[in-house]
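Hello,

Here is the structure we talked about, with my notes below it. Please open it first and keep it on screen while you read.

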Amino acid sequence: MNLVAVVPAAGGVGATTLAAHLAVSLARKRRLGAAVDLCPGNALRLHLGMDWQDAAGLATQIAAGHPWSDGAYVSSGGVPFLPFGQTGREDGGARLAAWLETQPGGLGGCLEQIRLQPEGILLADAPRMPWQLTRQALARADLAILVAAPDAASYAGLPALLEGVAAAGCAEARVVINGFDPRRDLDRDMALLLANDPGLDLAPVMVHRDEAVREALACKQTVFDYAPSSQAAYDFEALATWVVARLGHRSRQAA
Amino acid sequence: MDPWEDPAASVASPLAETGEADLDGAPDVLNLLSRLSGPSGAYREVRRQQAAGAVLARWPLLREVARGLDRTALPGEDG
């Protein structure tokens, strides 16, 4: 089983948006097992067409004592996913983390039960460190995608995130720049700085800033449906292709 | 000599000096390619480091973080 954890370097970098589109693209390639939202913000579901008023999800089911798997959905695009749920409690994430630790196989074991494709990749949209849920996801992850915007906030947040990744024992972590605009000086400078930093590995794919991404969410669609010819659609597709290739390469190395 | 001012010189000189090239017969293509990639790779690395240093000189917060990460070896960082 391959688990990919998507973790933001700072707030508002678009990690959930990236996770949602990666999930959809992997599903279109028939390579997605399932996606799970570990962020109490519960926003992954909105990218996947779930009704805003629907409060169901993993944390909600657990809090209510119901079977957790009843909180799983399949989007109209064929993406099996577990939303976080709207618990209305501040400690929803901590309770979920504590519950997962009692389950056989932890987070990975739970995801294993809901995936549709037998060899499909499991994708976790994780909150910022130092959340317990993120540590659990990173500890199980074969690949961590550290999402950074091309700005100073992300650069300042990366050291702590990289420490967390190393402490969790994550197999591999790659930084993906999200929202890159080549017309902006700081974006170009940040891309150059990250590419030359010997302490981190930059993924060979970056996602460009594209208004189609925001508009797609407002229309309850992904960019693949809303603007299939957009730069962002191309970038997300390229990212998914790279993830599949990277995990395949790691599997062959391990064999 | 700067290999980027005269790329041909950067290739010809080391091959001739080391005697690795078969100047009378067919060239050792793999060796030639590796020689070609040597100077240009080193040059690009220096250029990258210089560019990263210029970035840090331009943005104070990035410079602070880089210092915290002990990335102070980048040329131009303290400019």
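Start with strand β5(A), which has both faces covered: A:Ile121, A:Leu123 and A:Asp125 on one side, and A:Leu122 and A:Ala124 on the other, are all buried. Buried means that 20 or more other C-beta atoms lie within 10 Å of the residue's own; exposed means 12 or fewer, partly exposed is in between, and C-beta atoms are placed from the backbone. In a regular strand the side chains alternate between the two faces of the sheet. Of the 5 residues of β5(A), 5 are buried, so the strand is largely enclosed by the rest of the structure.

Two points before you go on. This is a predicted model: local features need pLDDT of at least 70, side-chain atom pairs count only at pLDDT 80 or more, and totals for chains, interfaces and linings use all residues. Residues are numbered from 1 along each chain as its sequence is written, while chains are lettered from A and ligands numbered from 1 in the order in which they are written.

**The sheet in chain A**

Helices (H or I, at least four residues) and strands (E, at least two) are DSSP runs, numbered from the N terminus. In chain A, 8 strands form an open sheet in the order β3-β4-β2-β5-β1-β6-β7-β8, with mixed pairing. Two strands pair if DSSP finds at least two bridges between them. The edge strands are β3 (73-74) and β8 (207-208) of chain A, and each pairs on one side only.

What are the partners of β5(A)? One is β1(A), which runs parallel to β5(A) and is joined to it by 4 bridges. Here A:Val4 stands opposite A:Leu123. β2(A) also pairs with β5(A) in the parallel sense, over 5 bridges. There A:Leu32 stands opposite A:Ile121.

Strand β7 (residues 173-180) of chain A pairs with β8(A) in the parallel sense over 2 bridges. A:Phe180 stands opposite A:His208.

**Helices on the sheet**

Helix α1 (residues 15-28) of chain A lies across β1, β2, β4, β5, β6, β7 and β8 of chain A. It runs at about 165° to β5(A). Helix α6 (residues 132-140) of chain A packs on the sheet too, touching β1, β5 and β6 of chain A. Its direction makes about 140° with that of β1(A). Axes are lines fitted to C-alpha atoms, for helices over the stretch in contact, and angles run from 0 to 180 degrees between N-to-C directions.

α6(A) also packs against α7(A), at an angle of about 60° and with the axes 8 Å apart. The two helices are therefore oblique to each other. Angles under 35 degrees count as roughly parallel, over 145 as roughly antiparallel, 65 to 115 as roughly perpendicular and the rest as oblique. A:Arg135, A:Leu138 and A:Ala139 in α6(A) meet A:Gly164, A:Val165 and A:Ala168 in α7(A). Two residues are in contact if their C-beta atoms, placed from the backbone, lie within 7 Å.

**Where the chains meet**

Chain B has 3 helices and 0 strands. Buried residues make up 14% of its 79 residues. How many residues of chain B are in contact with chain A? There are 13, and they touch 10 residues of chain A. α2(B) gives the most to this side of chain B, with 6 residues. By class, the side has 8 nonpolar, 2 polar and 3 charged residues. Ala, Val, Leu, Ile, Met, Phe, Trp, Tyr, Cys and Pro count as nonpolar, Asp, Glu, Lys and Arg as charged, and the others, Gly among them, as polar.

Helix α7 (residues 152-168) of chain A and helix α3 (residues 60-68) of chain B have axes that come within 9 Å and cross at roughly 10°. These two are therefore roughly parallel to each other. A:Ala152, A:Tyr155, A:Ala156 and A:Pro159 make the contact with B:Leu61, B:Leu62, B:Val65 and B:Gly68.

**Two residues to check**

Most residues other than glycine have a negative phi. A:Arg30 has a positive phi of about 60°. It lies in the loop between α1 and β2 of chain A. A:Arg30 is exposed, with 11 other C-beta atoms within 10 Å. A:Lys220 has a positive phi as well, near 55°. A:Lys220 is partly exposed, with 16 other C-beta atoms within 10 Å.

Best wishes
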